[in-house]
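Let's take a friendly walk through this model, one region at a time. Please keep the sequence and the 3D view open as you read.

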Amino acid sequence: MKIFSAAQIYKADKLTIKNQQISSEALMERAATGLFQWLHERLRGTSVKIHLFCGIGNNGGDGIALARHLHEHGYNVHVHVVNYSEKRSKDFLINLERLKDRKIWPDFLSEKSTLPKIHESDIVIDAIFGIGLNREPEGWVAHLIKHINSSGAFTLSVDVPSGLYSDRVPENLEAVVESNYVLTIQAPKLSFFLPQTGIFVNQWEIVDIGLDPQYLEETETDYQFITKSDIVPLYIPREKFAHKGSFGHSVIMGGSYGKIGAVVLSTKASLNIGSGLVTAYIPECGYGVLQTAVPEAMVVTDDGDDHVKKIKIPFEPTVIGLGMGLGTETGTVHAISEFLEKNKTPLVIDADGINILAKQPGLLKKLPPQTILTPHEGELKRLLGTWKDDFDKLKKTMAFSKEHDCIVVVKGAHTIVIYNGKGYINSTGNPGIATAGSGDVLTGTLTGLLSQGYPALHAAIFGVFIHGLAGDIEASQKGYEAVTASSIINNIGNAFMALFSTKQEEEAPSGD
Ligand SMILES: NC(=O)C1=CN([C@@H]2O[C@H](COP(=O)(O)OP(=O)(O)OC[C@H]3O[C@@H](n4cnc5c(N)ncnc54)[C@H](OP(=O)(O)O)[C@@H]3O)[C@@H](O)[C@H]2O)[C@H](O)CC1
Ligand SMILES: [K+]
């Protein structure tokens, strides 16, 4: 699902009006009808008090038109026009007149107004600002927004929570509506998915207003929200006459005394996702553990007893997943540097593998093209230095990925795969998968997909999705707290099944 910028949405707007030969006001009516239907299905005529806070632009126009529909169906509406500017939009004014024709008289809020009382059991429709927000709201508007937030009333935002930009962090985080639900017009906005701004969007859903399909289809976006329908086509079906050699040979390289479990988890994940053969490359101390914990895997031990110190792989692997539990002992750093200098095998690098790259940035030049790096926040900082905010972080990661031709998997509530100037935002996963060893499972998963011949970018996007989905399946049965890295591995098969299950609910264009 594409994530369009505000500029692209405005362009789609214009083209739709031209190509479908409709007025902008008719387009607003589509939005209002969609919003109304959503609400009416849920409220079913209840007498609850509905406060509509409407700005003076087209977001406000959507709200005013919605108020008319609600009123026509007998709802108890209270319309407050937030009069933050004299520049009222044409379609706002058309809809304001229609409202007045029906004898609905909004109150006009300005700097001097007393704020309307909002009871906890009321409903608030927030249509103050949409994607046209271009500066910090004035003090009194910020005050009104705080008043809405502290009311405790269920708050439904039209298009975006008012005060939230689609592509940058607001100057004043207290002047943003904390939405319970956002009905977003046509496509989700980038700010919904980043931690600093996504906190204002509890749940969202799309209202489809039928913008020009050709434009939406042909326009490239910097970001995409990856859902099941994007993932299924990436799947490589297994041939009837395939054998284990068809699915490659993964090496999982890592481990040190006390951290052999990390390699166990990666190795198991690589096997579970379908790697043909898996060899764990570990220091001597982990030999017994690996052979016992993962009988399906082979083991090659390093010369080092407690940590890796001299890498010799006695065969040509398809792919190497490297870094889990590796440690950063001087001998290990030296061994990895020496190895990377010569290595040509595709790589997935995690944890201490990334820390070693950060210590010796010269090694970045030695990585094979499209190496996948899977840093968590701290590791990413070590690689990139600091960033100003979430948007700056993405920009810097994109530049880094371009410079070194690597795929960066930025782990988070919505993990984002960055490559070639584009970001692929994952839709699966939950707070439960933020657990010890979860990253090791992800690295093993990506390694196992590369081993089977998935192109590197597909492996990253597909693997992140499956990993999150496996965690979602586990959480749906056990709750967030009980999700462990091992339970994610055990659900990889279920995640595949869910991907192709026809019993699954049809994918709804929404998220939380
Ligand atoms: N295709 C679609 O997606 C459709 C979307 N619709 C809805 O329209 C809004 C966008 O409407 P727009 O009128 O462009 O913008 P806003 O309503 O968000 O804002 C109105 C104007 O407010 C001014 N502004 C911006 N920031 C501030 C501020 N901090 N304080 C005061 N005023 C501010 C700005 O004008 P200026 O000239 O003063 O800069 C804005 O233009 C979209 O979100 C949807 O809800 C359509 O209904 C259907 C098609
Ligand atoms: K809004």
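## Around ligand 1

By class, the shell around ligand 1 holds 13 nonpolar, twelve polar and seven charged residues. Here Ala, Val, Leu, Ile, Met, Phe, Trp, Tyr, Cys and Pro count as nonpolar, Asp, Glu, Lys and Arg as charged, and the others, Gly among them, as polar. This is a predicted model, in which local features need pLDDT of at least 70 and side-chain atom pairs count only at pLDDT 80 or more, while totals for chains, interfaces and linings use all residues. Residues are numbered from 1 along each chain as its sequence is written, and chains are lettered from A and ligands numbered from 1 in the order in which they are written.

The ligand is surrounded by 32 residues, of which G57, N58, N59, G130 and G132 are the closest; a residue is near a molecule if its C-beta atom, placed from the backbone, lies within 6 Å of it. Which helix gives the most to the shell? That is α3, with five residues. At least two residues each come from α1 (6-19), α2 (24-43) and α3 (58-72). Helices (H or I, at least four residues) and strands (E, at least two) are DSSP runs, numbered from the N terminus.

## The annotated domain

UniProt, in an unreviewed entry, lists residues 9-217 as "domain: YjeF N-terminal"; its positions are given in the numbering used here, feature names are shortened, and annotations may be inferred rather than shown by experiment. Over residues 9-217 the chain is 38% helix and 17% strand, with its end C-alpha atoms 13 Å apart.

## The eleven-stranded sheet

An open sheet of eleven strands with mixed pairing runs in the order β1-β9-β18-β17-β16-β15-β14-β13-β10-β11-β12. At its edges are β1 (2-3) and β12, each pairing on one side only; two strands pair if DSSP finds at least two bridges between them. Strands β9 (residues 223-226) and β18 (residues 422-426) pair in the parallel sense over four bridges, and Y223 stands opposite G423 in β18.

K309 sits in the loop between β12 (298-301) and β13 (319-322). The C-alpha atoms of K309 and A335 are 5.2 Å apart, although 26 residues separate them along the chain.

Helix α9 (residues 261-272) is mostly covered, with eleven of its twelve residues buried. Just after α9, G274 takes a positive phi of about 115°.

Notes
Buried ≥ 20, exposed ≤ 12 C-beta atoms within 10 Å, placed from the backbone.
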